[in-house]
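Take a first look at the structure below.

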Amino acid sequence: MKKLTIGQMAQINVVSEQTLRYYDKIGLLKPVEVDKATGYRFYSIKQSARLDMIQYMQSLGMSLKDISDQLKNCDVKLTKHVLEKKMEQIDKQIESLKFQKIALQRAVDNYERYESSPPDGTIVLEYIEKRWIYSYTTDTNFYNFGIEVYEEQLRKLKEDMDSKGLRSTYFCNAGSTVSQENIISRNYVSDKLFVFVDIENVPEKLVTAVPPNTYLCIYCNRFEMEIPYANKLLDEAVLRNYIITGDYICEVIVDLPDFIENERGMFFKLQIPVKI
């Protein structure tokens, strides 16, 4: 039998010598002979078949441990079972990547909205298509307090979303609402936080539709400016003789990677549905 050096074995099988040494160390592919004096490893060309099987199983996503177990047991049924489990794992990874891509696209869209939005304090009239939200009823009106209580309520929203199996990627655009009655009377009481969701990927029983409408909107870049800007928006509605037809919405377009005094950086779009 012609003996191959580790370098020759590596070259004809397009693997590294380091890989062959590691396979020897873990007992996956041991050389047919080791020179006791020099420690040189020698292989048989016939061992290339085992190396082919190792590489094939690796290409199917099997771990070296699973490959070692299969080659030791030579159990076809067990090998088939391992491959089926690997297929299930890949299906889950594909599903996860699909949602990750959707979240990435939403994030890119939101940053493009931010870049194209008018400056802070600008009032615009805008038609907005139908949207879907998941709402969480809070136990505290954070408008009576400040950013710390707002953050506490956001923690509860996140916990609630997790308990319902909603993906955390929706959380990046959490917002709040004030009822039509309260916003008309300028009574800033918010008992609901929400996130926009995809109706295709969230059980319908968990979501509420925000109907399409014309909205009077103002843009805001600081948490403490929300109420002053909301009042400015209401003043504009009165000036234009618009009729408020629904709940006030504070939508966070983006969470900005810009923390001032450790506070969350946000860019809001305050919205009031109106009839012209």
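## Two loops with a positive phi

Asparagine 241 lies in the loop between helix H8 (226–239) and strand E10 (243–244). Helices (H or I, at least four residues) and strands (E, at least two) are DSSP runs, numbered from the N terminus. Asparagine 241 is not a glycine, yet its phi is positive, about 60°. Most residues other than glycine have a negative phi. At 65% relative accessibility, asparagine 241 counts as exposed. Buried means under 20% relative accessible area, exposed over 50%, and partly exposed in between, with a 1.4 Å probe and protein chains only.

Valine 14 is another residue other than glycine with a positive phi, near 55°. The loop that holds valine 14 runs between helix H1 (6–12) and helix H2 (17–25). Valine 14 has a relative accessibility of 73%, so it counts as exposed.

## About the model

This is a predicted model: local features need pLDDT of at least 70, side-chain atom pairs count only at pLDDT 80 or more, and totals for chains, interfaces and linings use all residues. Residues are numbered from 1 along each chain as its sequence is written, and side-chain values use heavy atoms, with hydrogens and water left out.

## The whole chain

The protein chain has eight helices and 12 strands. Its radius of gyration is 30 Å, well over the 19 Å that the globule rule gives for 276 residues, so the chain is more spread out than a compact globule. That radius is taken over C-alpha atoms, and the globule rule is 2.2 Å times the number of residues to the power 0.38. Along the principal axes, the C-alpha atoms fill a box of roughly 100 × 40 × 30 Å.

Buried residues make up 39% of the 276 residues. Now take the contacts between residues at least 6 apart in sequence: 70% of them join residues at least 24 apart. Contact means heavy atoms within 4.5 Å.

## A three-stranded sheet

Three strands form an open sheet in the order E1-E3-E2, with antiparallel pairing. E1 and strand E2 (33–34) are the edge strands, and each pairs on one side only. Two strands pair if DSSP finds at least two bridges between them. Three bridges join E1 to E3. In that pairing, lysine 3 stands opposite serine 44 in E3. E2 and strand E3 (residues 41–44) pair over two bridges. Here valine 34 stands opposite arginine 41 in E3. E2 and E3 also form a hairpin with six residues between them. Glycine 39 in the turn has a positive phi of about 80°.

Where does leucine 4 sit? Its place is in strand E1 (residues 3–5). Leucine 4 has a relative accessible area of 8%, so it is buried. Not counting residues up to four places away in sequence, leucine 4 touches Met9, Ile12, Arg41, Phe42, Tyr43, Ser44 and Ile45. Leucine 4 and valine 32 are 28 residues apart in sequence, and their C-alpha atoms are 9.6 Å apart in space.

## An enclosed strand

Strand E7 (residues 192–196) has five residues, and four of them are buried, so E7 is largely enclosed by the rest of the structure. Which strands pair with E7? Strand E5 (residues 131–137) pairs with E7 in the antiparallel sense over five bridges. Serine 135 has phenylalanine 194 in E7 as its bridge partner. Strand E6 (residues 175–178) pairs with E7 in the antiparallel sense over three bridges. Threonine 177 stands opposite lysine 192 in E7.

## Cavities

How many cavities of 30 Å³ or more does a search of the whole structure find? It finds two. On a 1 Å grid over the protein atoms alone, a cavity is a set of points where a 1.4 Å probe fits but cannot get out, and lining residues have an atom within 4 Å of a point. Grid points are joined across faces, edges and corners, and a volume is the space filled by probe spheres set on the points.

The second largest cavity has a volume of about 40 Å³. Its lining consists of Phe99, Ile102, Ala103, Arg106, Arg167, Thr169, Tyr170, Asp198 and Asn201. By class, four of these are nonpolar, two polar and three charged. Ala, Val, Leu, Ile, Met, Phe, Trp, Tyr, Cys and Pro count as nonpolar, Asp, Glu, Lys and Arg as charged, and the others, Gly among them, as polar.

Terms used. On a 1 Å grid over the protein atoms alone, a cavity is a set of points where a 1.4 Å probe fits but cannot get out, and a pocket is an open set with protein on both sides within 12 Å along at least five of seven lines; lining residues have an atom within 4 Å of a point.
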